[in-house]
Amino acid sequence: MTDARTVAELLTDAREAIRDGDFPLGRKLLESAREKGASSEDVHADLAECCLKTKDYEGAREAASKGVERFPEGIACRQVRARSNLGLLDLDAASRDASFVLAKEPRSTRALMTMAHVELARNNPARARDYAAEARRLDPESAEATLALAASAKLEGKRGQAERLTIEAAEMAPLEPGIWASLSGIALENEDAEMALVCSALAIVLSDEPPPGMVLVRASALERLGRLDEAEAAYAQCAAAPPHSAWAWVSLARLESRNESRAALAVSHARIAAGLARHQRDAKAQAAAEALLSRLASGAFGGG
């Protein structure tokens with residue numbers, strides 16, 4: 001059935017939907033407006049943004065690319081495409097778009113933060129720090145920039161500074177799940193399993209979809225607190241979810257190996273862990289999986 005609303009009405013309704021956080025509806029309305037002839041750069045950018053908000057990175061890149069083709073000198077669609085490429089881990093493409101934006105608008109905090117995330121992904125903490133510091137200078141209340149500075153400090157081995165900056169970010173944006181995820185990791189490093197459990201629970205509750213990494217942190221915290229049955233269930237949940245963490249499979253097999261009657265299951269899961277670790281090139285996880293397989297082959301059970 002064709003939507004009887006005019007282009008202007010569709011765009012007004014789309015803006016209201018986006019303002020209310022209903023991005024799927026906003027996307028639908030914008031697509032209808034585009035079918036009826038709406039073709040400004042903002043329409044393409046807003047449509048791409050709606051896709052981005054629902055983590056449809058491919059859809060966001062496609063919508064933004066159409067805008068770039070039509071408005072090659074504009075920056076709105078390139079802003080969104082840069083973030084879409086970042087979500088797809090196409091770091092070179094993300095960097096090209098963000099650099100294009102910064103050449104035209106050096107004060108674009110969004111482009112600066114895209115570059116910061118690109119450099120973090122490339123394990124270049126000094127360059128990431130420079131971009132994030134400039135973004136925070138322009139926007140002192142940016143939790144994203146503060147968290148990126150914390151990530152840079154952590155990569156440089158400055159744990160105290162990383163913790164302080166992460167707490168600052170939490171004060172700026174207490175409902176941001178990524179911040180609580182970072183705090184849970186810090187708590188585990190500090191051997192504070194109770195705090196890690198609290199922070200990981202908050203990260204999971206505040207997320208639309210529980211991040212597998214947070215489920216893994218929660219499982220580790222539960223194990224350290226001696227809540228082994230709960231930990232095993234959490235490891236199983238994380239192991240079953242993409243990207244299928246090799247460490248989750250190792251930990252699941254290790255807990256299963258407590259009981260000789262479950263030895264066959266533990267061996268099967270340890271083999272999965274070893275294969276995943278080889279595929280993911282995680283030498284430590286592979287060594288842990290192979291050590292567990294060796295222990296199980298020798299008939300040693302229990303002990304965790």
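Is Ser220 buried or exposed? Ser220 is buried, with a relative accessible area of 16%. The model shown in these views is predicted.

**View 1. Ser220 sits in helix H13.** Helix H13 covers residues 212-224. The relative accessible area of Ser220, 16%, falls under the 20% limit, so Ser220 counts as buried. Apart from neighbours within four places in sequence, Ser220 is in contact with Leu188 and Tyr235. Tyr235 is also one of the residues that touch the most other members of the largest nonpolar core.

**View 2. The largest nonpolar core has 37 residues.** Ile179, Leu183, Tyr235 and Trp249 touch the most other members of this core. With neighbours within four places in sequence set aside, the contacts of Trp249 are Ala239, His244, His269, Ile272, Ala273 and Leu276. A second, separate core holds 22 residues, including Leu11, Ala45, Ala48 and Ala63. In soluble globular proteins, nonpolar side chains tend to be buried together.

**View 3. Helix H4 runs from residue 57 to residue 70.** From first C-alpha to last, the 14 residues of H4 reach 20 Å, close to the 20 Å expected at 1.5 Å a residue. The buried residues of H4 are Gly59, Ala60, Ala63, Ala64, Ser65, Gly67 and Val68. Their cover includes helix H3 (41-53) and helix H5 (76-87).

**View 4. Lys55 lies in the loop between H3 and H4.** Although Lys55 is not a glycine, its phi is positive, at about 65°. Most residues other than glycine have a negative phi. Lys55 is exposed, and its relative accessible area is 58%. That value is over the 50% limit, which is why Lys55 is classed as exposed.

**View 5. Asn123 lies in the loop between helix H7 (109-121) and helix H8 (125-138).** Asn123 is not a glycine, yet its phi is positive, at about 60°. The relative accessible area of Asn123 is 52%, and this residue is therefore exposed, the limit being over 50%.

**View 6. Ser152 belongs to helix H9.** Helix H9 comprises residues 143-155. Ser152 is buried because its relative accessible area is 0%. Residues up to four places away in sequence not counted, Ser152 touches Leu120, Pro125, Ala128 and Arg129.

**View 7. Met195, Val198 and Leu202 form a nonpolar patch on the surface.** Together these residues have about 240 Å² of accessible area. Val198 lies in helix H12, residues 193-206. Val198 has 46% relative accessibility and counts as partly exposed, because this value lies between the 20% and 50% limits.

**View 8. The protein chain has 17 helices and zero strands.** Its C-alpha trace spans about 70 × 50 × 30 Å along the principal axes. Of the 304 residues, 44% count as buried. The accessible surface of the chain comes to about 15,500 Å², and 52% of that surface belongs to carbon and sulfur atoms. Among contacts with a separation of 6 or more, 49% are between residues 24 or more positions apart.

Definitions and conventions
Residues are numbered from 1 along each chain as its sequence is written. This is a predicted model: local features need pLDDT of at least 70, side-chain atom pairs count only at pLDDT 80 or more; totals for chains, interfaces and linings use all residues. Side-chain values use heavy atoms; hydrogens and water are left out. Helices (H or I, at least four residues) and strands (E, at least two) are DSSP runs, numbered from the N terminus. The expected span of a helix is 1.5 Å times one less than its number of residues. Buried means under 20% relative accessible area, exposed over 50%, partly exposed in between (1.4 Å probe, protein chains only). Contact means heavy atoms within 4.5 Å. Patches are made of residues with over 30% relative accessible area and no salt bridge: like charges are joined within 9 Å, nonpolar side chains (Val, Leu, Ile, Met, Phe, Trp, Tyr) within 5 Å. Accessible areas come from the Shrake-Rupley method with a 1.4 Å probe; for residues, only the protein chains shown count as cover. A salt bridge is a side-chain nitrogen of Lys or Arg within 4 Å of a carboxyl oxygen of Asp or Glu. A nonpolar core is a set of buried Ala, Val, Leu, Ile, Met, Phe, Trp, Tyr and Cys residues joined through side-chain atoms within 4.5 Å.
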